[in-house]
Amino acid sequence: MANTIQKRKPTITEKIGESTGSMVQKTQESQIWNSIFRPGSIFRKGYTDSPRNRSYVIMNSVLYHLHPVKVKRHAVKVSYTLCLGGLSFFLFILLTVTGIFLMFFYRPTAAAAWSDIAALKTSVTFGLLVRNMHRWAAHLMVLSVFLHMARVFYHGAYKAPREFNWIIGIVLLTLTLLLSFTGYLLPWDQLSYWAVTVGTNMMGFSPVFGDSVRFVLLGGKQIGAETLLRWYVLHVLMLPFVIVIFMAIHFWRVRKDGGISGPL
Amino acid sequence: MTEIPEHLLKRSKSAKAKKAAAAGAEEASTEDTSKIPRALLERSRAAKAKAGGGDAGGGAPSGGGAAPVPAGPSGGGVATLAPPVALGPDGHTQRLLTVVKSGSIQDIKSKPVDKVHTWPHLLAAEFTAALFIMAFTLIFSIFINAPLLTLADANNTPNPAKAPWYFLGLQELLTMFDPMIAGVTLPGVVLVVLGMAPFVDKNPSNKPEDRKFMISLMTVHLMFWAVLTLIGSFFRGPGFNFTYPWDTGLTGIFHL
């Protein structure tokens with residue numbers, strides 16, 4: 001009478017589900033797992049959406065801890081910043097990733113540069129796509145940095161206590177232009193060669209040291225094989241190195257100066 | 001008055017609503033909802049009456065929460081109260097002389113700021129923006145190829161030879177002024193003046209209506225460069241002479 005309810009045999013899928021469940025639980029309890037995922041990680045056992053865990057997410061991540069645990073409510077309004085500074089930074093990361101990819105297939109010599117770029121289209125998987133992304137992301141970054149500067153100005157966000165960060169921002173704008181300009185030469189085609197000729201001719205007009213600066217940058221009186229190597233090193237190593245330092249100061253100062261500027 | 005943050009207002013509102021609801025319930029059925037059994041209450045009342053010599057009648061009001069609340073802010077920071085009606089344990093009258101408001105003695109330097117957790121409020125927006133810009137760049141790159149002209153040739157100057165678009169404003173200036181001025185002095189001055197902006201502009205307000213002059217100045221400045229860049233990009237043909245884009249075609253756009 002009491003046994004009218006028959007015990008159903010668990011199906012295969014249920015069995016598998018059960019064993020994976022216990023496996024997941026065991027893994028999440030293991031020391032290795034817990035040493036990798038710090039408190040606040042959604043991969044930890046018993047993760048819940050609590051104020052404490054929300055704080056841990058930021059504090060315990062090397063990337064996110066650029067941010068404070070809490071930000072002003074108006075700061076998360078997209079309509080205020082349009083995320084322009086953030087977009088510039090994302091584009092910089094995108095440019096770094098695609099740039100590293102391109103470096104595998106490029107030799108900065110007058111004899112090989114152009115054909116290496118041309119070969120991206122024909123003999124490198126996704127070569128053309130990655131080059132396109134690098135090119136367009138670079139133009140976008142110049143644009144977004146410009147717009148970011150305009151946004152900051154129109155919000156009066158350069159005023160005290162953010163004066164110094166505004167100057168860092170101007171340095172970053174200049175560095176962005178230089179990064180874009182040095183990259184412009186690297187395909188070594190008619191477009192890049194003459195655009196850089198025009199650009200560096202302007203530089204030569206500066207008084208006193210103009211000609212010597214131009215000579216050092218070009219590695220000669222006019223653009224040649226030496227220029228290509230110099231600009232390559234500037235483009236892939238030196239300017240990124242410098243801009244990363246300035247970006248670090250920029251982001252740090254945003255926090256130190258009390259987050260982004262107040263509501264209007 | 002200081003601005004009270006939204007979340008504090010919300011919290012106080014909900015607390016008030018809760019209190020009002022609780023008070024209503026208490027009034028409706030004081031005895032029934034009380035956790036203290038009726039018999040015990042009766043006994044304590046009797047004991048109190050005995051101790052007070054019978055003069056206190058029904059005894060002190062049992063509801064501790066019914067203590068009088070200080071009157072609203074009187075501006076001076078000190079609110080005096082009418083003699084209270086509550087009686088102490090031995091039937092003595094207790095008198096609240098003054099309430100000293102915190103602001104009158106303490107100097108509160110940091111105002112409360114309305115804040116939200118970075119995760120998820122800010123990070124979610126940032127992830128979305130990052131995905132959007134990735135998707136945009138990817139799709140744009142699938143359909144539009146970066147230009148690659150023929151191999152660089154120092155003996156074959158293209159006509160017109162143009163700088164990258166962000167320097168075309170400068171190149172445009174070169175057609176009007178001496179290269180010393182257009183190529184070096186002017187951009188240098190612009191950068192220095194921009195850098196000095198926070199030290200020159202002493203106006204502390206960031207409200208647009210308070211800074212009409214600076215905003216117009218910046219707008220004119222930005223428009224100046226934008227117009228020069230557009231002219232340099234689309235209105236300059238062979239020999240860097242002025243042309244209309246409908247005569248020569250939008251060649252500039254293919255030379256980014």
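The crossing of helix 8 of chain A (residues 163-185) and helix 7 of chain B (residues 179-200) is right-handed. A crossing is right-handed if the near helix is turned clockwise from the far one by less than a right angle, and left-handed if anticlockwise. Helices here are DSSP runs of H or I with at least four residues, strands are runs of E with at least two, and both are numbered from the N terminus. The model is a predicted one, in which local features need pLDDT of at least 70 and side-chain atom pairs count only at pLDDT 80 or more, while totals for chains, interfaces and linings use all residues. Side-chain values use heavy atoms, without hydrogens or water; residues are numbered from 1 along each chain as its sequence is written, and chains are lettered from A and ligands numbered from 1 in the order in which they are written.

The axes of these two helices come within 8 Å and cross at roughly 165 degrees. Axes are lines fitted to C-alpha atoms, for helices over the stretch in contact, and angles run from 0 to 180 degrees between N-to-C directions. Helix 8 of chain A and helix 7 of chain B are therefore roughly antiparallel. That term covers angles over 145 degrees. From helix 8 of chain A, the contact (heavy atoms within 4.5 Å) includes A:W166, A:I167 and A:I170. Among their partners in helix 7 of chain B are B:L191, B:L194 and B:F199. The residues of this contact divide into eight nonpolar, two polar and one charged. Ala, Val, Leu, Ile, Met, Phe, Trp, Tyr, Cys and Pro count as nonpolar, Asp, Glu, Lys and Arg as charged, and the others, Gly among them, as polar.

Helix 8 of chain A also packs within its own chain. Its axis and that of helix 11 of chain A (residues 225-256) come within 9 Å and cross at roughly 160 degrees. That makes the two helices roughly antiparallel. The crossing of helix 8 with helix 11 of chain A is left-handed. Their contact holds 20 nonpolar residues, eight polar and one charged.

The largest nonpolar core has 73 residues. Such a core is a set of buried Ala, Val, Leu, Ile, Met, Phe, Trp, Tyr and Cys residues joined through side-chain atoms within 4.5 Å. Buried means under 20% relative accessible area, with a 1.4 Å probe and protein chains only. A:W166, A:W188 and B:Y166 touch the most other members. Helix 8 of chain A gives the largest share of this core, eleven residues.

A:W188 lies in the loop between helix 8 and helix 9 (190-204) of chain A. A:W188 is buried, at 7% relative accessibility. Its phi is positive, about 60 degrees, although A:W188 is not a glycine. Beyond four places in sequence, its contacts include A:W114, A:Y193 and A:L228, as well as B:L151 and B:A152. A:L82 likewise has a positive phi, of about 55 degrees, and is not a glycine.

Chain A as a whole has eleven helices and one strand. Of its 264 residues, 45% are buried. A:G40 is buried at 8% relative accessible area. This glycine sits in the loop between helix 2 (31-36) and helix 3 (51-59) of chain A.

Chain B contains two cis peptide bonds of note. One runs from B:W119 to B:P120, with omega near 10 degrees. B:P120 is in helix 5 (residues 118-143) of chain B. Another joins B:N159 to B:P160, with omega near 0 degrees.

Definitions and conventions: Buried means under 20% relative accessible area, exposed over 50%, partly exposed in between (1.4 Å probe, protein chains only). Angles under 35 degrees count as roughly parallel, over 145 as roughly antiparallel, 65 to 115 as roughly perpendicular and the rest as oblique.
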